[in-house]
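Me: Got a model here that I'd like to walk through. Can you take my questions as they come?

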Amino acid sequence: MTTLTASRAWSALQEHHAEVKDVHLRELFARDSERGTRFAVEAAGLYADFSKQRVTSRTLELLFSLAAERSLGARIDSMFKGERINLTEDRAVLHVALRAPAGRTIAVDGTNVVPQVHEVLGRMSAFADQVRTGGWKGFTGKRIKNVVNVGIGGSDLGPVMAYEALRHFTPRELTFRFVSNVDSTDLAEATADLDPAETLFIIASKTFTTQETMMNASSARAWCLSKLKDPAAVAKHFVAVSTNEAEVKKFGIDPANMFGFWDWVGGRYSMDSAIGLSTMLALGPQGFRDLLAGFHAMDEHFRSTPFERNLPVLMGLIGVWNSDFLGASTVAVLPYDQYLKRFPAYLQQLTMESNGKRVTLGGLDVQVGTGAIYWGEPGTNGQHSFYQLIHQGTRLVPCDFIGFAKALNPLGNHHDVLMANLFAQGEALAFGKPPEQVRAEKVPEQLVPHKTFPGNRPSTTILADTLDPKTLGALVALYEHAVYTQSVIWDINAFDQWGVELGKVLAKRIGAELEPAEPKLEHDSSTNALIKRYRSRR
């Protein structure tokens, strides 16, 4: 395949950018009275308005040509067919199989994996029903009232985001906590007001060897046994999401209460696998299946819809345009719903661990920017914080606004005010306030530059009726597939994460050097000095 920057479509996009780079969104809307609806697409319960992005119909045509040159359609098919598209780890990438309905066929090495998925879902459902109805009792016979998920990365970010996002649908007689950081404060605060006799821990680690997770798991075990005393209690208060039966059993967990998944499930794509056990406990089996249905609806849309109406493809390609032609290095995700307060943090791993790569699939240096920095806060909180920079700063920050037509907690006109702010921010970013308009308001001339808003700041607005399990599934899948779309364009592997390894290796080495006895230090002068200072003051 021709390198990206040498491709015909890329050259055409560069020429096009030179022609339109100074065209303002005000002009684009003035030229086309139907732009607000022509650049909107609806699928899987989501309505996405791309009209405030700095693109024209010609921009999109060229981006679709680029996608065709990069064989995006064939690459999408390869993923859904179970081919080993994760080349550096020689693995299939089949999170789409986790939400495929029973009866579908998705094969890995000739074996249909969908029945395996539904077997695990069935076991998860039976277990969740037991806990939620009180059938599962703790070691002393007390009912479980608290669930603590212990994991890190994809074993934490997805479950905690889903719980917070769908908390409206969860039973309040159950308390859910999430522990990930190896900092002891995380576990201490999560358990400070809990009774071990009423607490169930979910230890989520595929290998059951992840350092942070297993340290927290061991400390949770000690906390539990400090009251319950008998090691046999572990089997009634701990379950595992893992594939390492030997280590699970050694820990004291009954292998019957071990829920597995497969090497074709990447960590940041795993929230709808057994990693979502805490989500199922919170929502119930039917709520979890509704979540999977939302994922699947977006999967089918992505797999079968022409690029011109394909939500993830459009989002991904416009992201490439913003990054590599308009020079934007970040994306602000701005959900106007408090329940989505953890959604930007979840997307940080999904997007930046996936596409934060500097070499192509063939090991060559990439020639363009990859992997935008994702960040954000919910609702009007951000307006009183960082929106100043987005509106009047020197950096271009494309924004994704997310809102819902119906409030889950109606209270007076709160929701109307919230949504008025969402719509207003998109309008203000796009059109701004030119100097002549400021002067028309009789503003003193010396203040005109300060009260001018340049506008031309791109944004996408995503609307849905209600934030429910099915909608959340579709929303997450939208971003998953947009990430894959971008990785295909950039010719990078969205499914490995070698960049997290070096720090782990060095941390293990340094950990042994923090002991009081002073071994010879052979790091750089800065690291040596920091270790010595820590030793002297610990």
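Me: Which element gives the most to the lining of the largest pocket?
Reply: α21, with five residues. This is a predicted model: local features need pLDDT of at least 70, side-chain atom pairs count only at pLDDT 80 or more, and totals for chains, interfaces and linings use all residues. Residues are numbered from 1 along each chain as its sequence is written, and side-chain values use heavy atoms, with hydrogens and water left out.

Me: How much space lies in that largest pocket?
Reply: About 1,200 Å³. A pocket is an open set of points on a 1 Å grid over the protein atoms alone, where a 1.4 Å probe fits, with protein on both sides within 12 Å along at least five of seven lines; lining residues have an atom within 4 Å of a point. The volume is the space filled by probe spheres set on the points, joined across faces, edges and corners.

Me: Which lining residues are closest to its centre?
Reply: T210, Q497, V500, E501 and K504, out of 41. α9 (211–228), α14 and α21 (501–513) each give two or more residues to the lining.

Me: Switching to α14. How many of its residues are buried?
Reply: 10 of 13. Buried means under 20% relative accessible area with a 1.4 Å probe, protein chains only. Among them are F343, Y346 and L350.

Me: What do they pack against?
Reply: α7 (157–165), β10 (330–335), β11 (373–375), β12 (399–404) and α20 (469–490). Contact means heavy atoms within 4.5 Å. Helices (H or I, at least four residues) and strands (E, at least two) are DSSP runs, numbered from the N terminus.

Key
Buried means under 20% relative accessible area, exposed over 50%, partly exposed in between (1.4 Å probe, protein chains only).
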